[in-house]
Structure formats: C-alpha cells, structure tokens
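Please work through the exercises below with the sequence and the model at hand, and try each task before reading its solution.

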Amino acid sequence: MAKQKPDQAAPEPVGPSGAEAAGTTEWRSQTGGYLTTAQGTRLPDTDHSLKAGPRGPLLMEDFHFREKITHFDHERIPERVVHARGTGAHGVFRSYGTAATATRAGFLAQKDKETPVFVRFSTVLGSRGSADTVRDVRGFAVKFYTDEGTFDLVGNNMPVFFIQDGIKFPDVIHAGKPHPDREIPQAQSAHDTFWDFVSLHTETTHMLMWAMSDRGIPRSYRTMEGFGVHTFRLVAPNGDTTLAKFHWKPVAGIHSLVWEEAQIAAGADPDFHRRDLADAIENGAFPEWELGVQLLPDTEDQLFEGIDLLDPTKIVPEELAPVQPIGRLTLDRNPTNFFAETEQIAFHVGHLVPGIEITDDPLIQARMFSYLDTQLSRLGGPNFGQLPINRPHAPVNDLLRDGMHQTAVHTGVAPYLPNSLDGGEPAVDHENGYVNVPRMVEGAKVRENPVSFDDHYTQATLFWNSMTPVERAHLADAFTFELGKCYEQAVKERMLTRLAEVDAELCATVAAGLGLPAPSGSPAADAGASPALSQLVTEPGPILGRLVGVIATDDADLTGIAKLRKELEKEGALLKVIASHGGTIGEEIVERTFLTVRSIEFDAVAVADGAGSVSDPRALLLLQEAYRHCKAIVAWGDGGDLLTAAGIAADAPGVLVDDKASAAQRKALIEAMGLHRAWDRFPAQA
Ligand code: HDD
C-alpha cells in the first residue's frame with residue numbers, strides 16, 4: 001500500500017487554534033487543514049505504525065500510535081444507569097407571558113421572551129444501543145438555558161411514576177433491567193423480575209396502566225405528551241405560591257404505533273425514533289409542544305379534591321384543573337456531535353431558577369440527590385457543568401475550584417466568602433437570588449408513607465374507564481403479551497389479582513389470554529373517567545413530517561405521483577417512491593426497493609397506476625402490514641389490482657381506490673392520515 005502523503009494542495013488549517021478555541025464550543029475537526037497529534041504536531045502518516053523494519057515489531061517510541069490507541073481505548077464513558085438510549089435536539093422556548101402572575105421565573109414572565117433549550121428524549125430500560133420502539137416509558141428532559149440560570153424539567157411521557165418513594169428506585173430498575181444471570185431480555189419489561197416486583201408493589205398499578213397503554217409505544221417523539229410528573233411550587237413576584245403540574249402538549253397530536261409495528265421496527269429500524277426526529281428537523285418539519293400548567297391552590301394539606309399532590313402515582317384530571325398554556329417549544333436544530341451534546345448533557349431536577357421550587361413529594365426529594373451524584377461517575381468528576389452543552393447561558397461566578405477536568409482558568413486569590421483580598425467579590429444577591437419560600441416542617445422521624453398514599457387502584461380504574469374500546473383492547477393485549485412472556489405461574493396469578501382490583505373485564509380478558517382463571521376483586525365503583533386521557537383522534541390533525549410510500553414501476557403514472565407529492569409537501573409531509581430497482585423512474589428517484597422497504601416506515605401507502613401487476617411478495621407484505629396497522633391505503637388506475645392481490649377490500653375503511661389520480665383522492669388521503677389510523681378496521685386481519 002502506498003504511504004499516505006500530505007496533499008500539497010490541501011488548504012491551510014481552518015477553525016480556531018487551541019488558544020482561540022478555549023472558551024468557545026468549537027474545536028478542530030476533520031473539515032480541513034493538516035492532520036496533527038493532540039499537541040498540534042503535523043503528521044505525515046497515520047496508517048503505519050513505527051516498526052523496526054517493515055517486517056519488525058512495533059517501537060515503544062511511536063508517540064502517535066500510542067496517543068491514537070490510548071485515546072481510542074478511552075473513548076466511551078459509562079452509559080446512563082437508566083435512560084441510556086436517547087436522542088436530542090436544540091430548540092427555542094417562547095413564553096406566552098401567561099404565567100407571569102403565578103411565577104417570578106424570568107423566562108416565563110414576559111410575552112415572546114425566547115430561551116434556548118436542549119431536549120433529550122429516551123427510553124428507560126434499554127442500553128445505549130437498544131431499539132427505540134420497545135414498550136417502555138419515554139424520558140422527556142428539557143434544559144432551559146435561562147438568563148437567571150439553567151432550569152431542567154426532567155420529565156416523562158407519562159404523568160405518574162411506578163413508586164412513591166425514591167428509595168425504591170434501584171429496586172424497580174433492577175427488576176426491569178435484564179436478568180442478572182443471562183442479561184436478557186434487553187430493553188423491555190416483558191419478563192419475570194419486572195412483573196414480580198410490580199405485582200408485589202401495588203402502588204405501581206396506575207403507572208402500569210399507562211405503560212401497557214399505547215403511550216408505551218409512541219409513533220414518534222414528536223407525537224408524545226410530556227409531564228413534569230411531580231407537583232412543583234410556583235412563587236409569584238409578590239411571594240404568593242401556587243402548586244403546579246407541568247404538561248407538554250405536542251402540536252402534532254398524541255399518536256402511537258401499534259404493537260406489531262413497534263416489534264417490526266425494533267428489528268428493521270432500531271433507530272426509528274432517532275431517525276424520525278432528526279429527519280423531521282432536517283426537513284423543516286420542526287416539532288413543537290405547548291407547555292401548560294395545572295395551577296392548584298397551595299393549601300396547608302396539599303390535597304386537591306382529595307388527591308394528594310405529593311403522591312407521584314396520582315394525576316389531577318384535566319377536567320378538574322384545566323391545563324393552561326404558558327409557552328411553546330420548537331425544536332429546530334439537530335446536534336452537531338452526538339457525543340458532545342446528547343451523550344454529555346447532564347440533567348438534574350435540582351437545576352432550578354427563582355420562582356420554581358420542588359415540593360415534599362418523596363420521589364423528587366430522592367431525585368434531588370441522585371442526578372448530581374450520577375454525573376460524578378458518568379462524566380468523570382464535579383466539573384461536568386463546564387462541558388459546552390452543560391454551560392449555563394447565565395453568567396457563572398461560583399467559588400467551586402479545581403477538580404478533575406477543570407477547564408476554567410480562574411483568576412483571583414480568594415475563592416471564599418466573605419473575603420477582603422478580592423474586594424469581597426462576588427456579592428450575594430439578596431434581591432434576586434434563589435430563596436426558598438419559608439415553610440414550616442415538622443414531624444416525627446419515621447420511615448412511613450402518609451395514609452393518603454394508600455389508594456393504589458382508583459386512578460388505575462379511572463384510566464381504564466377513560467379509554468375507548470380500541471385502546472382497551474390494546475391495553476389488555478399488552479398485559480397479556482407481557483405476562484405471557486413470564487415463566488413463573490405465581491407471578492402471573494399475583495398480577496391477575498391486582499388487575500381484578502382495577503377492572504373485572506380487563507382482568508377476565510388477560511386471564512383468558514393466559515389460560516388462567518380470573519380472580520375477583522372489588523374495583524372502585526366511583527373512579528369516574530377523564531376523557532382527556534384518551535388519545536384516539538376524532539378530528540383530522542396536522543400531518544407535518546409524515547411519510548407516504550408509493551409503489552411504482554417503470555410504467556407507473558408519474559404525473560399522478562408528482563401531484564400527490566406536491567399536495568403532501570404543502571402539508572409538510574413527504575413521499576418516497578418504492579420500486580423493484582434503485583436509481584430512477586423517469587424523473588422520480590426510487591428511495592426504497594422491495595429489498596430495503598418495510599411498512600413501518602410509512603404513515604400511509606399508495607399504489608400508482610401501472611403498478612397493479614407487481615408480483616413481488618414483499619410488495620404484498622407491505623400492503624398487508626399497512627392494512628393490519630390500520631394505515632391509510634391509496635390506489636389509482638390498475639394499482640387497485642395489487643390491493644386485491646393482497647386481499648384488501650377496496651371499500652374497507654381508510655382504503656381509497658380510484659380509477660385515476662384525482663384531487664378528491666389526494667384530499668381524502670390527507671384527511672385519513674390526519675386521523676392517524678382507520679380504527680374502524682380494527683382488528684384488521686389481512
Ligand atoms: Fe430519573 C435519568 C426522568 C425518577 C435517577 N430520569 C432520567 C432521565 C429522565 C428521568 C428523563 C434522563 C435524562 C437525560 O436524558 O439525560 N426519573 C425521571 C422521572 C422520574 C424519575 C420523570 C419520576 C417522576 N430518577 C427517578 C428517581 C431516581 C432517578 C426516583 C433516583 C432516586 N434518573 C435518575 C438518575 C439518571 C436519571 C440515575 C440516570 C442518568 C442521569 O440521571 O443523568 O440519576
């Protein structure tokens with residue numbers, strides 16, 4: 001092999017020099033200039049180690065070899081102990097100003113005030129390389145770089161949690177993680193230890209209903225709700241306090257996958273959600289959420305309509321306390337470097353700004369310890385706040401010094417207060433500093449929960465009562481699947497006794513699926529319902545960032561395809577042509593072949609005129625899966641013949657067949673996609 005030579009025509013090095021880069025987020029990269037060592041010495045060759053003769057052993061003195069391999073050997077940092085699998089994006093939060101009377105937090109106070117944010121979405125249980133579409137809770141962590149310091153809202157896509165006291169967190173996670181002996185299964189709760197734990201801790205029941213519902217398999221991070229989960233305390237400029245629960249409402253609507261789709265995606269495209277988010281941002285279909293708060297009176301007992309606001313396994317139904325919009329989040333920029341930004345970002349529920357406090361919820365109290373602590377081992381010491389992604393945008397003037405990976409060059413001689421040697425600086429701010437609202441705390445030192453935490457079932461029943469028939473069927477299927485994957489009969493039987501306390505029909509359906517007798521229970525008769533909990537769509541919503549796959553051949557109606565593309569692009573949706581070969585068909589670029597395609601990628605599938613005689617079984621599978629998953633299906637001209645070959649009836653709900661490409665059909669497709677699924681087809685057997 002020829003020795004690598006520096007390209008004589010190579011440009012001069014670009015980017016800042018080490019000195020220029022200090023204090024900026026930029027660093028040299030492989031975009032130009034000459035290759036150097038970490039110390040800036042130019043290199044003539046990086047493909048051959050220094051040897052004693054061409055066939056001899058390596059020489060210890062090869063500093064370039066040793067530096068290159070040593071750095072490589074240490075490229076990984078420990079993955080997050082939970083939420084290891086995730087992806088993130090930059091964006092902006094615009095305040096509506098409507099929270100100004102409730103909180104003095106500057107980033108919420110003023111109308112149109114913009115605050116930069118970084119958001120990281122995640123699953124909980126899986127390792128860093130695990131699949132995105134597994135059934136799990138999703139993390140929804142937002143870092144607001146406010147003028148008054150960084151505020152982290154570290155939430156999930158479900159408004160409750162499994163446990164009431166953070167001391168159990170290691171237990172619930174140990175139970176959910178793979179079995180310690182064989183380390184399987186990866187990234188899922190469908191195994192004995194998880195169901196053993198949750199059936200022994202009945203406080204998990206409400207959260208289980210959420211996790212087994214369609215919320216456990218979101219269609220996209222863009223179509224998930226987010227929740228701060230705990231009750232927070234807002235402090236107004238005049239010192240008045242209000243209790244508050246944070247909600248993120250996706251502008252694209254709340255949508256999920258169906259279970260078979262999620263399973264196929266976990267194999268066919270494990271990066272499904274990561275890709276979806278990055279593609280949407282790159283295509284300008286910026287994901288958006290409205291931030292809202294439920295405002296609740298800060299009473300002595302911290303109860304609202306009998307609901308203990310300190311219990312993280314309880315919601316306050318929106319019908320009792322409406323979610324009031326206070327701002328909008330837009331994600332508009334993908335990270336430049338996954339490791340530097342998404343992997344190194346460090347969230348902490350204790351990153352708070354004046355005007356927002358935590359409450360005595362024992363779960364968040366425990367979290368206040370855990371997040372800072374975990375970063376010490378994950379990011380290698382106490383200076384992780386200096387990493388570019390973690391740097392506050394507010395000026396930092398702390399007295400923290402030295403330590404591993406210190407990158408600041410602090411001036412001054414007196415890192416303590418009060419001091420006289422540095423002029424008594426920095427000053428403490430009595431006016432605008434973070435002050436905790438003085439509150440009386442008293443009680444015996446005990447390891448106990450209040451009795452108001454004792455009801456573990458009523459809100460689980462409320463959740464069940466609020467679901468539509470399709471959602472109930474999905475829920476029962478999910479419980480049956482997960483318990484069906486358990487080996488221990490005693491675990492399944494115990495879990496059925498828990499479900500019997502939620503709802504008799506749910507328990508009976510799951511028991512029948514498991515082939516076990518259904519125990520009886522006494523579910524709350526007065527649990528009520530909260531229609532806001534159902535995510536079934538009744539009115540067409542936006543289809544921004546959605547994808548349609550069109551099956552075509554060399555003889556296909558290209559004009560019809562072009563018109564469809566144009567209509568979809570007007571709505572912010574995209575079209576991909578699928579054919580038997582790559583390359584192009586006329587002007588159309590073939591983006592998927594029958595070899596590389598799978599139905600899960602698309603929100604709707606179309607068959608163009610001219611593709612009616614395609615006989616590839618993978619094309620038929622594509623249509624059959626789209627049908628089973630209740631997606632909109634369109635065919636025009638002889639395209640309808642392919643539907644017939646796939647066993648799909650032309651008059652089935654959500655199936656739109658026409659003699660020729662028509663404006664009416666295109667409009668109907670956009671409407672059908674806006675409804676997300678043709679549930680009238682459920683359960684679809686094609
Ligand atoms: Fe946690 C990470 C959300 C309870 C301890 N948690 C983590 C992340 C999210 C949540 C979204 C990932 C952040 C990121 O993207 O980097 N956690 C929650 C929610 C909870 C919750 C919504 C309950 C309402 N967590 C919880 C408890 C404890 C922890 C009770 C411990 C007592 N969580 C951690 C952690 C992690 C974490 C070990 C792992 C990585 C990290 O913090 O930075 O500290």
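The model is predicted, so local features need pLDDT of at least 70 and side-chain atom pairs count only at pLDDT 80 or more, while totals for chains, interfaces and linings use all residues. Residues are numbered from 1 along each chain as its sequence is written, and side-chain values use heavy atoms, with hydrogens and water left out.

**Exercise 1.** Determine how the axes of α6 and α12 cross.

Solution. Begin with the elements, where helices are DSSP runs (H or I) of at least four residues and strands are runs (E) of at least two, numbered from the N terminus. The axes, which are lines fitted to C-alpha atoms over the stretch in contact, with angles from 0 to 180 degrees between N-to-C directions, come within 9 Å for α6 (residues 205-212) and α12 (residues 469-484) and cross at roughly 105 degrees. The two helices are therefore roughly perpendicular, a term that covers 65 to 115 degrees. In this contact (heavy atoms within 4.5 Å), α6 contributes Leu208, Met209 and Met212, and α12 contributes His474, Leu475, Ala478, Phe479 and Glu482.

**Exercise 2.** Is Arg546 buried or exposed?

Solution. Locate Arg546 in the loop between α14 (504-514) and β13 (547-551). Its relative accessibility is 5%, so Arg546 counts as buried (under 20% relative accessible area, with a 1.4 Å probe and protein chains only; exposed means over 50%). Beyond neighbours within four places in sequence, its contacts include Arg219, His255 and Asp603.

Definitions and conventions:
Angles under 35 degrees count as roughly parallel, over 145 as roughly antiparallel, 65 to 115 as roughly perpendicular and the rest as oblique.
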